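The sequence and structure come first, and the description follows.

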Amino acid sequence: KMLLCSSPCCQPLEKVESHRAFNRHVLHGYRPSTGIRGCLKSLFYLHNETVNVYTHVLYLLFLIVVAPLTISWPSNSALWWVVFLNLCGHISCMVGSVVYHLFNSLLQSASEYGMLLQFDIAGIWFANSMNTFNYVFLSFYCDTTTRNCFLLLHIVVSAGTFLPTLRARTPAGRAVVFALFALIRAVTTFMRQHYSTAVGATNSAWVYYALTDVYLFVGAVINAGRF
């Protein structure tokens, strides 16, 4: 269990609001309910969200400043939009997370806190949706019929999972919804590998597809279990 050495103004687990006391492993370091200025001041002392805030801010800056300059932007307009939307998905995820982790001590009621959490979850949903769109479009780039069928499936799944994702009451519940995106990516990767083998092409990219979802799965398990 983690006992955080933090600012004197921070509170122990037993003194924070119930809707913020969801991680039994973090015993101290909770910011008291405060205003926007207090949340911004918390950037300059240690508390239970410090690592979350700074790791997400650094990655967000990387996505906004470095990534656009280092990506090999395709000359094909369709592929350009695929890359752009995938980048936007990652940025939206980081924006939602930064806002949630930095300002979750701003709201005192459980309902207000829930709205802030939904903003974070919406960014994660958009990142999953754009990432899956990227998988499908590129995997079946040369097979228009299959690509269009899978894109239609993806659109239906995306539309059908948005509200259930926001309304899920537990991390495990949200993980079940996100598993539908993972299923589409898994089927897409399998079919891509099968097609490549059938025509004698080399397809080592499946390893990276698999690793991406393995990392996502591990993160979902940690989040659901509050390890």
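## Ser158 in helix H5

With a relative accessibility of 8%, Ser158 counts as buried (buried means under 20% relative accessible area, exposed over 50%, and partly exposed in between, using a 1.4 Å probe and protein chains only). Ser158 is part of helix H5, which spans residues 144–167. Helices are DSSP runs of H or I with at least four residues, strands are runs of E with at least two, and both are numbered from the N terminus. Apart from its neighbours within four places in sequence, Ser158 is in contact with Trp125, Ser129 and Phe181, where contact means heavy atoms within 4.5 Å.

## Basis of the model

This is a predicted model, in which local features need pLDDT of at least 70 and side-chain atom pairs count only at pLDDT 80 or more, while totals for chains, interfaces and linings use all residues. Residues are numbered from 1 along each chain as its sequence is written, and side-chain values use heavy atoms, with hydrogens and water left out.

## The chain as a whole

The protein chain has seven helices and zero strands. Read along the sequence, the pattern is α-α-α-α-α-α-α. Of the 227 residues in the protein chain, 38% are buried.

Among contacts in the protein chain with a separation of 6 or more, 63% are between residues 24 or more positions apart. The accessible surface of the protein chain is about 12,900 Å², and carbon and sulfur atoms account for 70% of that surface. Accessible areas come from the Shrake-Rupley method with a 1.4 Å probe; for residues, only the protein chains shown count as cover.

## Helices H4 and H5

Two packed helices are described by the angle between their axes and the distance between the axes. The axes of H4 and H5 come within 10 Å and cross at roughly 170°. Axes here are lines fitted to C-alpha atoms, for helices over the stretch in contact, and angles run from 0 to 180 degrees between N-to-C directions. H4 and H5 are therefore roughly antiparallel to each other (angles over 145 degrees count as roughly antiparallel, under 35 as roughly parallel, 65 to 115 as roughly perpendicular and the rest as oblique).

On the H4 side, the contact is made by Gln118, Ile121, Ala122, Trp125, Ser129, Thr132, Phe133, Val136 and Phe137. H5 contributes Arg147, Phe150, Leu151, His154, Ser158, Thr161, Phe162, Thr165 and Leu166. By class, the contact of H4 with H5 has ten nonpolar, seven polar and one charged residues. Ala, Val, Leu, Ile, Met, Phe, Trp, Tyr, Cys and Pro count as nonpolar, Asp, Glu, Lys and Arg as charged, and the others, Gly among them, as polar.

## Helices H3 and H4

The axes of H3 and H4 come within 8 Å and cross at roughly 160°. That makes H3 roughly antiparallel to H4. H3 passes H4 in a left-handed crossing, meaning that the near helix is turned anticlockwise from the far one by less than a right angle; clockwise would be right-handed. The residues of this contact divide into 21 nonpolar, nine polar and one charged.

Met115 is located in helix H4, residues 110–139. Is Met115 buried or exposed? At 59% relative accessibility, Met115 counts as exposed. The C-alpha atoms of Met115 and Tyr100 are 9.7 Å apart, and 15 residues separate the two along the chain.

## Helices H2 and H3

Helix H2 (residues 50–70) and helix H3 (residues 77–103) have axes that come within 9 Å and cross at roughly 150°. H2 and H3 are therefore roughly antiparallel to each other. The crossing of H2 past H3 is left-handed. Residues that meet here include Val53, Leu60, Leu63 and Ala67 in H2 and Leu87, Ile91, Met94 and Val98 in H3. The residues of the contact of H2 with H3 divide into 14 nonpolar, five polar and no charged.

Leu87 is found in helix H3 and, at 11% relative accessibility, counts as buried. Not counting residues up to four places away in sequence, Leu87 touches Leu63, Ala67, Pro68, Ile71 and Trp73. The C-alpha atoms of Leu87 and Ile64 are separated by 8.9 Å, with the two residues 23 apart along the chain.

## Tyr30 before helix H1

Tyr30 lies in the segment before helix H1 (36–41). Tyr30 counts as buried, at 2% relative accessibility. Its contacts, leaving aside neighbours within four places in sequence, are Cys10, Gln11, Pro12, Leu13, Val16, Arg20, Asn23 and Asn48. Between the C-alpha atoms of Tyr30 and Leu13, 17 residues apart along the chain, the separation is 6.9 Å.
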